[in-house]
Amino acid sequence: VYDAIETTPGRTTTRSQLQQDIDSIYATGYFARVRAIPEDTPLGVRVTFVVEPNPVLNQVEIQGDRVLPDSVVQDAFSDKYGEVLNLQRFQDGISQINKWYQDNGYVLAQVVGSPQVGDEGMVTLTVAEGEIEDIKVQFLTEQGEPTTPDGEPVEGRTRQYIVLREMRTKPGDILNRQQIQSDLQRIFQLGLFEDVRLQLNPAPNNPRKAIVNVNLIEKNTGSIG
């Protein structure tokens with residue numbers, strides 16, 4: 001605490017300076033609550049910083065996970081167990097979890113919100129892994145527009161089920177980059193499309209879920225007489 005604050009005996013201080021000191025103490029990562037109590041005395045002002053340390057970290061619980069292995073959580077936080085929780089160091093473990101998601105193709109997954117610290121030293125983290133709520137097929141013009149010059153939606157000649165049956169990714173799955181790229185490649189190999197594009201949108205009722213739009217530009221067709 002003394003290393004963090006700038007208020008020192010023998011110097012004047014202000015309320016804004018005390019607030020900066022409080023913020024600096026919070027920034028050390030060791031304390032759950034901090035407040036400053038100034039008291040007038042015959043010799044000047046006595047400032048008491050009242051701090052509540054974080055508990056000793058005993059366990060990390062993950063909520064909302066389906067694909068995250070327990071071993072990844074252990075590797076991220078086990079070296080911090082048995083020590084007073086430091087939220088600055090704790091962020092390193094959160095970064096490890098987010099990196100695992102990205103390295104393994106779960107491009108929408110991440111830890112969301114702030115860590116919830118319990119009195120018994122258990123910290124709860126919430127993750128949003130990018131569950132797919134729905135998969136939609138949309139046809140585009142040759143210029144890549146979803147509507148015709150008249151403002152009407154583009155009607156494709158290809159039945160949508162022909163596209164969807166090539167996708168191993170289904171609603172309810174966690175979106176994975178490698179799998180979705182394989183799906184798009186299989187659709188392109190049908191030979192029916194000039195271009196196959198992917199668009200991701202948040203679900204309207206739950207922004208932690210995703211709507212996958214498969215945007216297609218069909219090839220020009222000819223006829224045989």
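Helix α1 is followed by G29, whose phi is positive, near 90°; helices (H or I, at least four residues) and strands (E, at least two) are DSSP runs numbered from the N terminus. The model is a predicted one, in which local features need pLDDT of at least 70 and side-chain atom pairs count only at pLDDT 80 or more, while totals for chains, interfaces and linings use all residues. Residues are numbered from 1 along each chain as its sequence is written, and side-chain values use heavy atoms, with hydrogens and water left out.

**Helix α1**
- Helix α1 (residues 15–27) has 13 residues and reaches 18 Å from its first C-alpha to its last, close to the 18 Å expected at 1.5 Å a residue, where the expected span is 1.5 Å times one less than the number of residues.
- The buried residues of α1 are Q17, L18, D21, I22 and I25, buried meaning under 20% relative accessible area, exposed over 50% and partly exposed in between, with a 1.4 Å probe and protein chains only.
- These residues cover an arc of only 145° around the axis, which puts them on the same side of α1; the arc is that of the directions from the helix axis to the C-beta atoms.
- What covers the buried residues of α1 includes β1 (31–41) and β2, contact meaning heavy atoms within 4.5 Å.

**The loop residue N54**
- N54 is placed in the loop between β2 (44–53) and β3 (59–63), and this residue is buried, with a relative accessible area of 6%.
- Not counting residues up to four places away in sequence, N54 touches G29, Y30, F31, A32, V84, L85 and L87.
- A polar atom of the N54 side chain lies 3.3 Å from the backbone nitrogen of A32.

**The loop residue D173**
- D173 is placed in the loop between α4 (160–164) and α5 (177–188), and at 25% relative accessibility D173 counts as partly exposed.
- D173 and E131 are 42 residues apart in sequence, and 5.7 Å apart in space from C-alpha to C-alpha.
- Leaving aside neighbours within four places in sequence, D173 is in contact with residues including R66, G130, E131 and Q179.

**The three-stranded sheet**
- An open sheet of three strands has the order β3-β5-β4, with mixed pairing, and two strands pair if DSSP finds at least two bridges between them.
- The edge strands are β3 and β4 (110–117), each of which pairs on one side only.
- Five bridges join β4 to strand β5 (residues 122–128), and these two strands run antiparallel.
- The bridge partner of V112 in β5 is T126.

Terms used: Polar contact = N/O pair within 3.5 Å; in protein donor to acceptor, adjacent residues only side chain to side chain.
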